[in-house]
Amino acid sequence: MNSSKLATRYAKALFEFAKEKDQIQKVKEDLVLVKSVLKENYELKLVIESPIIFPDKKNDIFAGVFADKLSDTTFGFLSLTIKKKREPALITICDEYVRLYNKYNNIQVAFVTTVQPLSPALADAVKKLLEEETQSTIELQQILDDKIIGGLKIQIEDTLFDASILSSINKLRDEFSHNVYQAAF
(Lines give C-alpha, C1' and ligand atoms only; values in the text may rest on other atoms or scores of the structure.)
Protein backbone atom coordinates (compact mmCIF):
# COMPACT_ATOMS: atom_id res chain seq x y z
CA MET A 1 0.00 0.00 0.00
CA ASN A 2 1.17 3.50 -0.80
CA SER A 3 2.76 5.08 2.29
CA SER A 4 0.79 8.33 1.99
CA LYS A 5 -2.52 6.46 1.64
CA LEU A 6 -1.65 4.31 4.62
CA ALA A 7 -0.69 7.37 6.68
CA THR A 8 -3.93 9.12 5.73
CA ARG A 9 -6.04 6.13 6.73
CA TYR A 10 -4.31 5.63 10.06
CA ALA A 11 -4.31 9.36 10.86
CA LYS A 12 -8.02 9.68 10.02
CA ALA A 13 -8.88 6.70 12.18
CA LEU A 14 -6.86 8.09 15.09
CA PHE A 15 -8.36 11.55 14.60
CA GLU A 16 -11.93 10.21 14.68
CA PHE A 17 -11.16 8.12 17.77
CA ALA A 18 -9.52 11.10 19.50
CA LYS A 19 -12.53 13.24 18.60
CA GLU A 20 -14.85 10.69 20.24
CA LYS A 21 -12.68 10.73 23.36
CA ASP A 22 -12.39 14.55 23.26
CA GLN A 23 -8.58 14.29 23.13
CA ILE A 24 -7.76 15.83 19.76
CA GLN A 25 -5.39 18.42 21.23
CA LYS A 26 -3.61 15.99 23.57
CA VAL A 27 -3.08 13.39 20.82
CA LYS A 28 -1.67 16.10 18.53
CA GLU A 29 0.79 17.18 21.23
CA ASP A 30 1.73 13.53 21.81
CA LEU A 31 2.35 12.86 18.12
CA VAL A 32 4.45 16.02 17.77
CA LEU A 33 6.56 14.75 20.68
CA VAL A 34 6.87 11.25 19.17
CA LYS A 35 7.90 12.69 15.80
CA SER A 36 10.50 15.02 17.31
CA VAL A 37 12.00 12.21 19.41
CA LEU A 38 12.20 9.90 16.39
CA LYS A 39 13.73 12.65 14.22
CA GLU A 40 16.33 13.55 16.86
CA ASN A 41 17.28 9.94 17.70
CA TYR A 42 18.25 8.12 14.55
CA GLU A 43 19.18 4.95 16.43
CA LEU A 44 15.76 4.79 18.10
CA LYS A 45 14.10 5.26 14.69
CA LEU A 46 16.18 2.39 13.28
CA VAL A 47 15.25 0.11 16.18
CA ILE A 48 11.53 0.93 15.92
CA GLU A 49 11.48 0.40 12.15
CA SER A 50 13.56 -2.78 12.25
CA PRO A 51 11.69 -5.89 11.07
CA ILE A 52 14.02 -8.08 13.15
CA ILE A 53 12.96 -6.74 16.56
CA PHE A 54 9.78 -8.26 17.97
CA PRO A 55 6.71 -6.04 18.49
CA ASP A 56 6.67 -6.71 22.26
CA LYS A 57 10.23 -5.40 22.54
CA LYS A 58 9.29 -2.29 20.50
CA ASN A 59 6.32 -1.64 22.81
CA ASP A 60 8.65 -1.94 25.79
CA ILE A 61 11.05 0.54 24.19
CA PHE A 62 8.21 3.01 23.56
CA ALA A 63 7.00 2.54 27.13
CA GLY A 64 10.50 3.26 28.43
CA VAL A 65 11.03 6.33 26.27
CA PHE A 66 7.56 7.85 26.63
CA ALA A 67 6.60 6.72 30.14
CA ASP A 68 3.96 9.10 31.56
CA LYS A 69 4.42 11.46 28.59
CA LEU A 70 1.74 10.08 26.26
CA SER A 71 -2.00 9.67 26.72
CA ASP A 72 -3.48 6.18 26.79
CA THR A 73 -5.10 6.88 23.42
CA THR A 74 -1.78 7.75 21.78
CA PHE A 75 0.09 4.88 23.38
CA GLY A 76 -2.64 2.45 22.33
CA PHE A 77 -2.39 3.77 18.79
CA LEU A 78 1.41 3.33 18.80
CA SER A 79 0.97 -0.24 20.04
CA LEU A 80 -1.52 -0.93 17.26
CA THR A 81 0.85 0.58 14.70
CA ILE A 82 3.62 -1.71 15.93
CA LYS A 83 1.32 -4.75 15.99
CA LYS A 84 0.29 -4.10 12.37
CA LYS A 85 3.95 -3.55 11.38
CA ARG A 86 3.35 0.03 10.22
CA GLU A 87 6.20 1.64 12.17
CA PRO A 88 8.06 2.84 9.04
CA ALA A 89 5.09 5.11 8.28
CA LEU A 90 4.88 6.52 11.81
CA ILE A 91 6.42 9.92 11.06
CA THR A 92 4.18 10.33 8.01
CA ILE A 93 1.16 9.37 10.12
CA CYS A 94 2.14 12.01 12.69
CA ASP A 95 2.41 14.65 9.95
CA GLU A 96 -0.95 13.66 8.50
CA TYR A 97 -2.63 13.82 11.92
CA VAL A 98 -1.27 17.34 12.47
CA ARG A 99 -2.57 18.32 9.01
CA LEU A 100 -6.04 16.97 9.92
CA TYR A 101 -5.88 18.78 13.27
CA ASN A 102 -4.98 22.06 11.55
CA LYS A 103 -7.78 21.68 9.01
CA TYR A 104 -10.30 20.87 11.75
CA ASN A 105 -9.25 23.96 13.74
CA ASN A 106 -8.89 26.26 10.70
CA ILE A 107 -5.14 26.66 11.20
CA GLN A 108 -2.82 27.27 8.26
CA VAL A 109 0.95 27.12 8.34
CA ALA A 110 2.75 30.03 6.66
CA PHE A 111 6.40 29.52 5.78
CA VAL A 112 8.18 32.89 5.75
CA THR A 113 11.61 32.87 4.14
CA THR A 114 13.94 35.78 4.92
CA VAL A 115 17.66 36.49 5.12
CA GLN A 116 17.50 37.47 8.80
CA PRO A 117 14.98 36.47 11.47
CA LEU A 118 11.93 38.71 11.63
CA SER A 119 11.66 40.96 14.65
CA PRO A 120 8.79 39.99 16.96
CA ALA A 121 6.84 43.10 15.97
CA LEU A 122 7.25 42.40 12.24
CA ALA A 123 6.40 38.71 12.71
CA ASP A 124 3.20 39.70 14.56
CA ALA A 125 2.31 42.19 11.81
CA VAL A 126 2.84 39.59 9.07
CA LYS A 127 0.85 37.02 11.03
CA LYS A 128 -2.02 39.45 11.61
CA LEU A 129 -2.10 40.45 7.93
CA LEU A 130 -2.14 36.81 6.82
CA GLU A 131 -4.88 35.94 9.31
CA GLU A 132 -7.05 38.74 7.93
CA GLU A 133 -6.35 37.67 4.36
CA THR A 134 -6.97 33.93 4.87
CA GLN A 135 -9.69 34.15 7.55
CA SER A 136 -7.87 31.48 9.54
CA THR A 137 -5.40 31.17 12.37
CA ILE A 138 -1.84 31.37 11.07
CA GLU A 139 1.07 29.41 12.47
CA LEU A 140 4.24 31.20 11.33
CA GLN A 141 7.33 29.13 10.49
CA GLN A 142 10.44 31.19 9.75
CA ILE A 143 13.05 29.89 7.31
CA LEU A 144 16.40 31.62 6.87
CA ASP A 145 17.90 31.61 3.37
CA ASP A 146 20.66 34.04 2.37
CA LYS A 147 20.22 33.15 -1.32
CA ILE A 148 17.14 35.38 -1.62
CA ILE A 149 19.43 38.39 -0.93
CA GLY A 150 16.66 40.39 0.77
CA GLY A 151 12.91 40.80 1.01
CA LEU A 152 10.76 37.81 1.87
CA LYS A 153 8.83 34.87 0.49
CA ILE A 154 5.61 33.62 2.07
CA GLN A 155 4.11 30.25 1.25
CA ILE A 156 0.74 29.06 2.53
CA GLU A 157 -0.21 25.65 1.15
CA ASP A 158 -0.01 26.07 -2.65
CA THR A 159 0.12 29.87 -2.68
CA LEU A 160 3.48 31.63 -2.92
CA PHE A 161 4.05 35.36 -2.48
CA ASP A 162 7.58 36.16 -3.58
CA ALA A 163 8.84 39.65 -2.74
CA SER A 164 12.49 38.68 -2.60
CA ILE A 165 15.27 40.64 -4.27
CA LEU A 166 16.39 37.46 -6.05
CA SER A 167 12.94 37.17 -7.63
CA SER A 168 13.08 40.79 -8.78
CA ILE A 169 16.53 40.27 -10.29
CA ASN A 170 15.36 37.15 -12.13
CA LYS A 171 12.32 39.01 -13.51
CA LEU A 172 14.51 41.84 -14.76
CA ARG A 173 16.97 39.36 -16.28
CA ASP A 174 14.09 37.66 -18.08
CA GLU A 175 12.71 40.98 -19.36
CA PHE A 176 16.12 42.08 -20.66
CA SER A 177 16.69 38.76 -22.40
CA HIS A 178 13.45 39.27 -24.38
CA ASN A 179 14.03 42.96 -25.13
CA VAL A 180 13.63 43.58 -28.85
CA TYR A 181 15.12 47.08 -28.76
CA GLN A 182 18.35 47.36 -30.67
CA ALA A 183 20.41 50.51 -30.77
CA ALA A 184 21.07 51.91 -34.27
CA PHE A 185 24.71 52.88 -34.55
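User: Is the crossing of helix 4 and helix 5 left-handed or right-handed?

Analyst: A word on the basis comes first: this is a predicted model, in which local features need pLDDT of at least 70 and side-chain atom pairs count only at pLDDT 80 or more, while totals for chains, interfaces and linings use all residues. Residues are numbered from 1 along each chain as its sequence is written, and side-chain values use heavy atoms, with hydrogens and water left out. As for handedness, a crossing is left-handed if the near helix is turned anticlockwise from the far one by less than a right angle, and right-handed if clockwise. The crossing of helix 4 and helix 5 is right-handed.

User: Which angle do the axes of helix 4 and helix 5 make, and which residues form the contact?

Analyst: Two packed helices are described by the angle between their axes and the distance between the axes. Axes are lines fitted to C-alpha atoms, for helices over the stretch in contact, and angles run from 0 to 180 degrees between N-to-C directions. The axes of helix 4 (residues 55–65) and helix 5 come within 9 Å and cross at roughly 155°, which makes helix 4 roughly antiparallel to helix 5; the classes are roughly parallel under 35 degrees, roughly antiparallel over 145, roughly perpendicular from 65 to 115, and oblique for the rest. P55, K58, N59, F62 and A63 of helix 4 make the contact with F75, L78, S79 and I82 of helix 5, where contact means heavy atoms within 4.5 Å. By class, these residues divide into six nonpolar, two polar and one charged, with Ala, Val, Leu, Ile, Met, Phe, Trp, Tyr, Cys and Pro counted as nonpolar, Asp, Glu, Lys and Arg as charged, and the others, Gly among them, as polar.

User: What is the hand of the crossing where helix 3 passes helix 4?

Analyst: Helix 3 passes helix 4 in a left-handed crossing. The axes of helix 3 (residues 42–49) and helix 4 come within 9 Å and cross at roughly 150°, so these two helices are roughly antiparallel to each other. In this contact L44, V47, I48 and E49 of helix 3 meet K58, I61, F62 and V65 of helix 4, and the residues divide into six nonpolar, no polar and two charged.

User: Does E87 count as buried or exposed?

Analyst: Buried means under 20% relative accessible area, exposed over 50%, and partly exposed in between, with a 1.4 Å probe and protein chains only. E87 lies in the loop between helix 5 and helix 6 (90–104), and because its relative accessibility is 6%, E87 counts as buried. Leaving aside neighbours within four places in sequence, E87 is in contact with I48, E49, K58, T81 and I82. The C-alpha atoms of E87 and E49 are separated by 5.4 Å, although the two residues are 38 residues apart along the chain.

User: How many helices and strands does the chain have, and what is its radius of gyration?

Analyst: Helices (H or I, at least four residues) and strands (E, at least two) are DSSP runs, numbered from the N terminus. The chain has eight helices and four strands. The radius of gyration is taken over C-alpha atoms, and the globule rule is 2.2 Å times the number of residues to the power 0.38. A compact globule of 185 residues would have a value near 16 Å, but the chain has 22 Å.
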